[in-house]
Amino acid sequence: MATGRTHRPATRSRGIPEATVARLPLYLRALTALSERSVPTVSSEELAAAAGVNSAKLRKDFSYLGSYGTRGVGYDVEYLVYQISRELGLTQDWPVVIVGIGNLGAALANYGGFASRGFRVAALIDADPAMAGKPVAGIPVQHTDDLEKIITDNGVSIGVIATPAGAAQQVCDRLVAAGVTSILNFAPTVLSVPDGVDVRKVDLSIELQILAFHEQRKAGEESAAHEGAAPPPVAHDETTDQGPDGDVPAVMPA
């Protein structure tokens, strides 16, 4: 079985917009649910509703894949599952290392969705000597002293950082130097990486703060409605809060 080290995604060479790439996993999740229910075909409207996008955007996204569906019939569910999985690189094995096995890292290690989506947790790594050898999700934790050897031995090109913020950049530098070219960062800090290395950032506290903003805004609107006044408009910074085609990305890049 091929590993992630020898393959680079075809999306860039084929000119698929990053905003479309970001939506492909949403379509795949909805299609997988339909497949599990043995649904043979789905209309663009039904699939768009399940994925949380509008049908015109979905049809445009699929046109980049060369998939246009059949008028009056819709899209073949199984074929789309295969087509999107192939485009995302999920038809092969992607070994992943998780660095930082605290509460969050352990939760990620125990996540059952990795294997079913084409990812294999090849190693768990932590700087605490007391953690070395302890099994988490059936995988023994290894010490960071062996990080480079672990990356090389397992042909890893995707790393997950779940360390405290202060340690994240050093871990990132070591991962990149060892050959990792894609990083999923859960640490609450912005990472600096060279060209050719992709970073996706997941910051749960930021997401909660955004939700708090919306809750506060809704409370203000309700208060204004009771007082008979119109709520103040919300300014949008077009340069920072939107994706390439006006969408706020589900996961913000670092």
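Colleague: How many helices and strands make up the secondary structure of the protein chain?

Modeller: The chain comes to nine helices and nine strands. Keep in mind that this is a predicted model.

Colleague: What share of the residues in the protein chain is buried?

Modeller: Of the 254 residues, 39% are buried. A residue gets that label if its relative accessible area is under 20%. As for the surface, the chain exposes about 14,300 Å², and carbon and sulfur atoms supply 57% of that area.

Colleague: Why does Pro 40 count as exposed?

Modeller: Set the value against the cut-off: exposed means over 50% relative accessible area. Pro 40 has 58% relative accessibility, so it counts as exposed. You'll find Pro 40 in the loop between α1 and β1 (41-42).

Colleague: Which residues is Pro 40 in contact with, leaving aside its neighbours within four places in sequence?

Modeller: Tyr 75, Asp 76 and Val 77. Here a contact needs heavy atoms within 4.5 Å. Then there's Gly 74, which is 34 residues away from Pro 40 in sequence, with a C-alpha to C-alpha distance of 9.7 Å.

Colleague: How do you know that helix α1 and helix α4 come together, and at what angle do they cross?

Modeller: Look at the axes of α1 (residues 18-36) and α4 (residues 77-87): they come within 9 Å and cross at roughly 145°. The crossing of α1 past α4 is left-handed. Among the residues that meet are Leu 24, Tyr 27 and Leu 28 from α1, and Leu 80, Val 81 and Ile 84 from α4.

Colleague: What kinds of residues make up the contact of α1 with α4?

Modeller: Nine are nonpolar, three polar and two charged. Tyr 27 is one of the residues there, and Tyr counts as nonpolar. Glu 78 also takes part, and Glu counts as charged.

Colleague: What makes β5 and β9 edge strands?

Modeller: β5 (135-136) and β9 (198-201) each pair on one side only. They belong to an open sheet of seven strands with the order β5-β6-β4-β3-β7-β8-β9 and mixed pairing.

Colleague: Why do β5 and β6 count as paired?

Modeller: Two strands pair if there are at least two bridges between them. Two bridges join β5 to β6 (residues 139-143), so this pair meets the cut-off. The two strands run antiparallel, and Val 136 has Ile 139 in β6 as its bridge partner.

Colleague: Which strands does helix α8 touch as it packs on the sheet?

Modeller: α8 (residues 165-178) touches β3 (94-99), β7 (158-161) and β8 (182-185). Its direction makes about 170° with that of β7.

Methods: Residues numbered from 1 in each chain as written. Predicted model: local features only at pLDDT ≥ 70, side-chain atom pairs only at ≥ 80, totals over all residues. Heavy atoms only, no water. Axes fitted to C-alpha atoms, helices over the stretch in contact; angles between N-to-C directions. Helix = DSSP H or I, 4+ residues; strand = E, 2+ residues; numbered from the N terminus. Left-handed = near helix turned anticlockwise from the far one by under 90°. Buried < 20%, exposed > 50% of the residue type's maximum accessible area, 1.4 Å probe, protein only. Areas by Shrake-Rupley, 256 points an atom, 1.4 Å probe, with all protein chains shown as cover.
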